[in-house]
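Trainee: I am new to this structure. Could you walk me through how to read it?
Mentor: Gladly. Ask about one feature at a time.

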Amino acid sequence: MPNPLVSLRNIRLSLGGPPLLDDAGLEVYPGERVCLIGRNGTGKSTLLRILAGEIPFDSGERHQPADTVIGYLPQEVPDSLPGSVEDVLRAGAGPDLADWELEARLDKVLGDMRLEGAPPFTTLSAGMKRRALLARCLMRGPDLLLLDEPTNHLDIEAIGWMETFLAGYPGALLFVTHDRAFLNKLSTRIVDIDRGKLISWDCDYGTYLRRKEEWLDAEARQNEVFDKKLRQEEAWLRQGIKARRTRNEGRKRALLDMREAHRKRRAREGSARMGVTEAARSGALVIRATEVSFDYGGAQVIDGLDLEIERGDRVGIVGPNGVGKSTLLRILLGELTPRTGEVTHGTKLEIAYFDQLRNRLDDDATVRDAVADGQESIEINGKRKHVVGYLEEFLFTRDRIRGPVGNLSGGERNRLLLARLFTRPCNVLVMDEPTNDLDMETLELLEDLLADFGGTVLLVSHDRAFLDNVTTDLLVMEGNGTVLPIAGGYADYELHKKRAAPPPPAPAARKSSPVRAPKPRKFLNRERRELESLPREIEDLEAEQQQLTESLADPGTYRERPDAVEEARERLRDIEESILGKFTRWEELEALRKELEA
């Protein structure tokens, strides 16, 4: 077996509270693709910096062979670096390269990373800055790349490019990500930070989730047996006279060891508990866009969009960075006026908006006041709840709750925004990049919450797994004003692209080689939830249909509300079409489920 590229032994690091790393150990070998996961605040970024040799630790050993080169891409992208892209890459090359080697490597890296060398670094988008910083890491030809959230600020197309590039990288990778599709594409091993320990799992993410749950169950059973034994020994000691006999000194020492082990045991943090405060149901129609167009200075963003969003729809908006996804969201919400066309809102809408730029948080306010505005308690679904207890459900400690918002990490800020958002009664949830910086456990909890939400969801996201698990429809912004509607999630859009793509040219005759079978298609969680919700949706439509039919059969309707007659007839026609469409979709999904689960 080859020697590790870097190894950690008994690393301990504490920053004032419980140790971030507690006798932690890790080895990374050539060719590995290791994904490091854990909750926000468990020390993932800190561990990467220790592996990179950037920060000290309290005790333990770090070993890196003299000939091993490590490249490190931090999570935060600097706003500015002096000079052009080429200057930034040259600064990362180190002093050991001859001039001709430096120029050759510079040309190769710029070509591999699809970068131009001349533009000033400060003029690049956040995504292109991240690409340039990765290129700077590659200038030294690292044997091991340490990547902290490499897909942050990237759109789906750029994430796909990053996946393809890293899949072909000859060195080893150790990366932190919350993007489960990215993880599944690249990782050969998962390392989990749990209460200061590093636990390695040689499996894919789905298998890891199952095995980790089994491991936690076994740990809980072992702790239960240990605690029962400890209680018995404490009871024995309280008997007094027997415990003072010399022949029982060994038992007393064993009890003291058990006490110490119990004291050192770190309980697993609880899970976040989220719940939306739901308002009364909206009308069946939520938003209708008719021939909507919009441009910025002549650059077409939306061109002739026709769209209807109904109660219960979960609509995802995707597309490249800068194409206008947030603009489309604001037009649909009525915050921007289209150049041409009309946006109509339905009745009884109560909208809660999770904004992309996080500019609605006051960094100087305490976390507590950011949610409760100085009040002791808040109302959640008609019940009063103390604000501290509510924030603890979102995994905020008492110290964090009393501290300023400005001290929070990116993931904590997102959790705070969610906590504040969910105190407001709503039947329409609007979320612009809600998944940024959230750990996977919180992501999956948010997915479950949105699945149970009885209202309508509009969201912008680059997280493909999140889109697949949540959305019933996509609006794909392809540029030049084109908005393509897709039924389903991102996997359905990829299938659409494959079907629409022209067939590749026939390859020249060559010796056949074994081809890896494609990964079997699964019945998605989002499809399962849609299938389960269709009967209720059809029942609701049929109830509304019955009510409208009775209204039209009542002569009083024509005398007292003649203007409502044509509107009711039009709505009846819409309901009939919607019921037919939902029955058709029900049959399609049921047939797909049977096919994939056979």
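Trainee: Which ring does the charged end of Arg415 sit over?

Mentor: First, a caution: this is a predicted model. A charge counts as over a ring if the Arg CZ is within 6 Å of the ring centre and within 35 degrees of the ring normal. Here the ring belongs to Phe396, and the charged end of Arg415 is 5.1 Å from its centre. Arg131 gives another case: it lies over the face of Trp161, 4.0 Å from the ring centre.

Trainee: And rings with rings? How many aromatic pairs does the structure hold?

Mentor: Nine aromatic pairs. Look also for clusters. Trp201, Tyr205, Tyr208 and Trp215 form one.

Trainee: Now the sheet. In what order do the strands E10, E11 and E13 lie?

Mentor: Start with the general idea. Strands of a sheet pair through backbone hydrogen bonds, either parallel or antiparallel. In this structure, three strands make an open sheet ordered E11-E10-E13, with antiparallel pairing.

Trainee: Why is one side of E11 and of E13 left without a neighbour in the sheet?

Mentor: Strand E11 (299–310) and strand E13 (340–345) are at the edges, and each has a single partner strand, so one side of each has no neighbour in the sheet. From one strand to the next, the twist averages 15°.

Trainee: How many bridges join E10 to E13?

Mentor: Five bridges join strand E10, residues 285–296, to E13. To find one of them, go to Ser293: its bridge partner in E13 is Thr340.

Trainee: What is Leu416 in contact with?

Mentor: Set aside its neighbours within four places in sequence. Leu416 then contacts Leu361, Val367, Ala370, Val371, Leu391, Phe396, Val405 and Leu408.

Trainee: How many residues of helix H9 are buried?

Mentor: Buried means under 20% relative accessible area. Helix H9, residues 325–333, is mostly covered, with seven of its nine residues buried. Among them are Lys325, Thr327 and Leu333.

Trainee: Which residue just after H9 takes a positive phi?

Mentor: Gly334, with a phi of about 85°.

Key:
Residues are numbered from 1 along each chain as its sequence is written. This is a predicted model: local features need pLDDT of at least 70, side-chain atom pairs count only at pLDDT 80 or more; totals for chains, interfaces and linings use all residues. Side-chain values use heavy atoms; hydrogens and water are left out. Rings of Phe, Tyr and Trp (its six-membered ring) pair if their centres lie within 6.5 Å; planes under 30 degrees apart count as stacked, over 60 as edge-to-face and the rest as tilted. Two strands pair if DSSP finds at least two bridges between them. Helices (H or I, at least four residues) and strands (E, at least two) are DSSP runs, numbered from the N terminus. Axes are lines fitted to C-alpha atoms, for helices over the stretch in contact, and angles run from 0 to 180 degrees between N-to-C directions. Contact means heavy atoms within 4.5 Å. Buried means under 20% relative accessible area, exposed over 50%, partly exposed in between (1.4 Å probe, protein chains only).
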